[in-house]
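The following paragraphs lead the reader through selected features of the structure shown here.

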Amino acid sequence: MTTATVDERLLRTSLWRKLLARPELGAVMGAVAVFIFFSFAADSFLRMSSLSTVLYAASTLGIMAVPVALLMIGGEFDLSAGVLVTSSALASSMISYQLTANVWVGVFVSLLVTLAIGIFNGFMLTRTKLPSFIVTLGTFLMLTGLNLGLTKAISGTVQTKSIADMEGFSSARKVFASEISLGGVNFKITILWWLALVAFATWILLRTRWGNWIFAVGGNGDAARAVGVPVTKTRIGLYMAVAFGAWISGQHLLFSFSRVQSGEGVGNELIYIVAAVIGGCLITGGYGSAIGSAFGALIFGMVSKGIVFAEWNADWYKFFLGAMLLLATLLNHWVRKRAEATK
Amino acid sequence: MRTRRTAAGIAAFAAAAVLVAGCSSSGGKDSEDKPEEGGGGKVSGPKLTIGMVTHSGKGDAFWDIVQKGAQAAADKDNVEFLYASDDQAQGQAQHVQSYIDKKVDGIIVTLAKPDAMKDVLGKAKAAGIPVITINSGGQFSKEYGALNHIGQDESVAGEAVGAELDKGSRKKALCVIHEQGNVSLEERCAGVKKAFGGDTENINVPGTDMPQTQSQIAAKLQATEGIDAIVTLNAGIAEAAIKAKGDAGSEAQVSTFDLNEAVTQQMKAKEIAFAVDQQPYLQGYLAVDGLWLYRNNLNVIGGGQQVLTGPAIVTEKDVAQLEKLTENGTR
């Protein structure tokens, strides 16, 4: 008599095994390693006020890294994400100022404008079937030009006028750019936005139908379509998610400085992608996590500020930044390999 | 059908938002003074075409003021003014080449990356097109065959800041470089270090990302004890430095290169101690005027020597006079 073989899907896996199989595991280990390293390398790193600075730096990247990670899991890129943040801030600021309206009007119209750009990206991608690299590179360049051209045509200079004395500014600032005092240390509200986005995105990915669609579209688009996944809608939705993140970041930029320079944001799109990749997203799509992107952003924040806290030579800053990120990613990769081997 | 209804709904929502939320009774466009129509005579003479090529990144407020000055002189001199910029040396040289091909009557160029401009300026000379250099790179101007140079000597300007810091009895300064590897920014910080009696440290920040710039400066203030002066090299970064100071609970004094509306407001609020103005408007204006004078009368402003437009130290006392001008974007 032969023993009945149990279907492998019915096998019980231990919690430990489950944790090892998570895409963010490597990034968590990388973050812990970077944290321990700078705790020793920089005297001032462990102070609460310093950690608040690090968390702020991580949060402004992290807010964008979350939707960018979702998009990458869905198999696409968005090179326009960096300047879209600036576009969103500019739209909000100029609409409020030019109409002499309550700034909340600008904030909501800016949301519509930004989402429309996201829809445009998604629509162009799904209609033309061109690689997202090309489509969003086009949007990136167009937005860079629009940011400057429109700002100059409307405001007369390359930065917007201050909206700090307008109605609604103080309440909008509370929402997008205030500080929360915890035990005598001030934390920026962007940290809350970041955590909320991570939680929401994780819920979507792991607990909803949309999450399954995102993984399916990124894993194999044609197969997903064949089994009835609304591929086009999912892709457009992902670009709208990036636009939503850009809107939050853009409003933070506007309400913390009250005016916006039109040339900002160029180059950040790559840093968002880097954060998502350090966090375990595959460049080829179909694999990754939102929590991972948060740890990716945290690693980036800790390294970029840690180098300053450690008071290393400023001329070598970029070298150290690159080297530390590479090391963190190598550790990440190694941990994941080990985890897969134990499966 | 459904999508059309959704679109209409969004439009209606936006319109409603404008109506319901209503207008702001303070600030905004309605509070602006309406500009007066400027008169001013015009010169007669043949229409000239003058092209300017700078190393500006897109959307830099400083270069906007330069352009305004150049445009004002062009309007007065019956000149068609063309402008192009590229922060990459190669692109800048290509723009100059295209102006040579266009057979313009004069070229204005910056020498932030001098080596890359050498060949193309030689071609301009061969084509008989007069060149005036502005802003940075004055020491190369004559060598490359330009009529003269109109700008600010960056190290001299840095030294002026150092001296001013000494006057305020500062002990330790932080010089914030917002574009790694930019020669003129490094020269400014080197100038500060040379003239300042106390210590000077440099820090590199990502200038195109304000929140990251802010946290970078905050981290430095938290890490290094005793920094009592922050020197920023453009007006936008000064804003981030003021915020960073607040985040780090530092009492350091902020001063900055370049002047604009925001900086005058911050000087009024005593957030910025002083600003170093290199009069960008003048650089654009004099360069166009200089080429016009050369074309029409073979005059050379400054007799071929460098014409300095800065450093002029501006403090809170000057704010009252400068406020209107910075608002108009000409100072």
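Helices, as the term is used here, are DSSP runs of H or I with at least four residues, numbered from the N terminus. The model is a predicted one. In chain A, helix α2 spans residues 25-41 and contains Val32(A). With a relative accessibility of 43%, Val32(A) is classed as partly exposed. Together with Phe35(A), Ile36(A), Phe40(A) and Leu46(A), Val32(A) makes a nonpolar surface patch of about 490 Å². Elsewhere in chain A, Cys281(A) has a relative accessible area of 4% and is therefore buried.

Over all chains, the structure contains 18 salt bridges. One of them pairs Lys220(B) with Glu311(A), whose closest N and O atoms are 4.0 Å apart. This pair joins two chains, because Lys220(B) belongs to helix α8 (residues 210-223) of chain B, while Glu311(A) is in the loop between α13 (290-309) and α14 (317-341) of chain A. Lys220(B) is buried, at 5% relative accessible area, whereas Glu311(A) is partly exposed at 39%. Both residues take part in a network of salt bridges that also includes Lys172(B) and Glu201(B).

Within chain B, Glu164(B) forms a salt bridge with Lys167(B), with 3.4 Å between the closest N and O atoms. Since the two residues are 3 positions apart in helix α6 (residues 154-167), about one helical turn separates them. Glu164(B) counts as buried at 18% relative accessibility, while Lys167(B) is exposed at 67%.

A further salt bridge connects Glu323(B) and Lys268(B), the closest N and O atoms being 2.8 Å apart. This pair links distant parts of the chain: helix α12 (residues 319-327) holds Glu323(B) and helix α10 (residues 261-268) holds Lys268(B), 55 residues apart. Lys268(B) is partly exposed, with a relative accessible area of 46%.

How many disulfides does a search of the whole structure find? The search finds 1 over all chains, formed by Cys175(B) and Cys189(B) with their sulfur atoms 2.0 Å apart. The torsion about the S-S bond is about -85 degrees, so this disulfide is left-handed. Cys175(B) is in strand β6 (residues 172-177) and Cys189(B) in helix α7 (residues 183-195) of chain B, 14 residues apart. Both cysteines are buried.

Finally, Thr309(B) is found in the loop between β11 (307-308) and β12 (312-315) of chain B. Its relative accessibility is 2%, so Thr309(B) counts as buried. The side chain of Thr309(B) reaches the backbone oxygen of Gln278(B) at 2.7 Å. Beyond neighbours within four places in sequence, Thr309(B) is in contact with several residues, among them Ile150(B), Gln152(B), Asp277(B) and Leu282(B).

Conventions
Residues are numbered from 1 along each chain as its sequence is written. Chains are lettered from A and ligands numbered from 1 in the order in which they are written. This is a predicted model: local features need pLDDT of at least 70, side-chain atom pairs count only at pLDDT 80 or more; totals for chains, interfaces and linings use all residues. Side-chain values use heavy atoms; hydrogens and water are left out. Buried means under 20% relative accessible area, exposed over 50%, partly exposed in between (1.4 Å probe, protein chains only). A polar contact is a pair of N or O atoms within 3.5 Å; within protein, one must be able to donate a hydrogen and the other to accept it, and residues adjacent in sequence count only if both atoms are side-chain atoms. Contact means heavy atoms within 4.5 Å. A disulfide is a pair of cysteine sulfur atoms within 2.5 Å. Patches are made of residues with over 30% relative accessible area and no salt bridge: like charges are joined within 9 Å, nonpolar side chains (Val, Leu, Ile, Met, Phe, Trp, Tyr) within 5 Å. Accessible areas come from the Shrake-Rupley method with a 1.4 Å probe; for residues, only the protein chains shown count as cover. A salt bridge is a side-chain nitrogen of Lys or Arg within 4 Å of a carboxyl oxygen of Asp or Glu.
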